[in-house]
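I am opening my notebook beside a structure that is new to me. Come along as I look things up, one entry at a time.

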Amino acid sequence: MRERRKVAAESIARSVGQMLLDREAHKDLKIEEKSVNDFVTEADTTAEQMIIEYLSAQFPDDGFLGEEQGERGSDAPRWVIDPIDG
């Protein structure tokens, strides 16, 4: 199972990386202020959502802790996600 998680993590990391490179090429950067001096880009939330959707499909019993979406699912195993600046 550990090897499957490693392969899945690498696969989604590459997909998200390509999405981010494509956005950079088009200078598509929308920024939102979540709270005072706490900003998030649309690319960050999209990346986190892509990761959660992909890994949830592969490992439906796993939990997630994401900077943008918070906690979801079980405690163990748990994926900790902060795709752009984490």
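Where do Arg14 and Glu10 both lie, and how many residues apart? I found the two in helix H1, four residues apart, about one turn of the helix. Helices (H or I, at least four residues) and strands (E, at least two) are DSSP runs, numbered from the N terminus.

A note on my source before I go on. I am reading a predicted model, where local features need pLDDT of at least 70 and side-chain atom pairs count only at pLDDT 80 or more, while totals for chains, interfaces and linings use all residues. Residues are numbered from 1 along each chain as its sequence is written, and side-chain values use heavy atoms, with hydrogens and water left out.

Entry: salt bridges. I looked for a side-chain nitrogen of Lys or Arg within 4 Å of a carboxyl oxygen of Asp or Glu, and the structure holds four such salt bridges. Arg14 and Glu10 make one of them, at 3.1 Å from N to O. I also checked accessibility, where buried means under 20% relative accessible area, exposed over 50%, and partly exposed in between (1.4 Å probe, protein chains only). Arg14 is exposed at 60%, and Glu10 is partly exposed at 42%.

Entry: Arg5. Here I found a salt bridge to Asp62, with the closest N and O atoms 2.8 Å apart. Arg5 belongs to helix H1 (residues 2-26) and Asp62 to the loop between H2 and S3, so this pair ties together parts 57 residues apart in sequence. Both Arg5 and Asp62 are buried. The charged end of Arg5 also sits over the ring of Phe59, 4.9 Å from its centre. For that label, NZ of Lys or CZ of Arg must be within 6 Å of the ring centre and within 35 degrees of the ring normal.

Entry: aromatic pairs. I searched the whole structure and one pair came up. Phe59 and Trp79 are the partners, 6.1 Å centre to centre with 35° between the planes, which makes the pair tilted. The rule: rings of Phe, Tyr and Trp (its six-membered ring) pair if their centres lie within 6.5 Å; planes under 30 degrees apart count as stacked, over 60 as edge-to-face and the rest as tilted. Phe59 sits in the loop between helix H2 (42-58) and strand S3 (63-66), and Trp79 in strand S5 (residues 78-81), 20 residues apart.

Entry: I traced three strands in an open sheet, ordered S4-S3-S5, with mixed pairing. Two strands pair if DSSP finds at least two bridges between them. S4 and S5 stand at the edges with a single partner strand each, so one side of each has no neighbour in the sheet. S3 runs parallel to S5 over four bridges, whereas three bridges join S3 to S4 (residues 70-72) in the antiparallel sense. S3 and S4 form a hairpin with three residues between them.

Which residues does Phe64 face? Its bridge partner in S5 is Trp79, and Arg72 stands opposite Phe64 in S4.

Last entry: Arg78 and Glu71. Their side chains meet in a salt bridge of 3.1 Å, N to O. Arg78 is partly exposed at 28%, and Glu71 is exposed at 57%.
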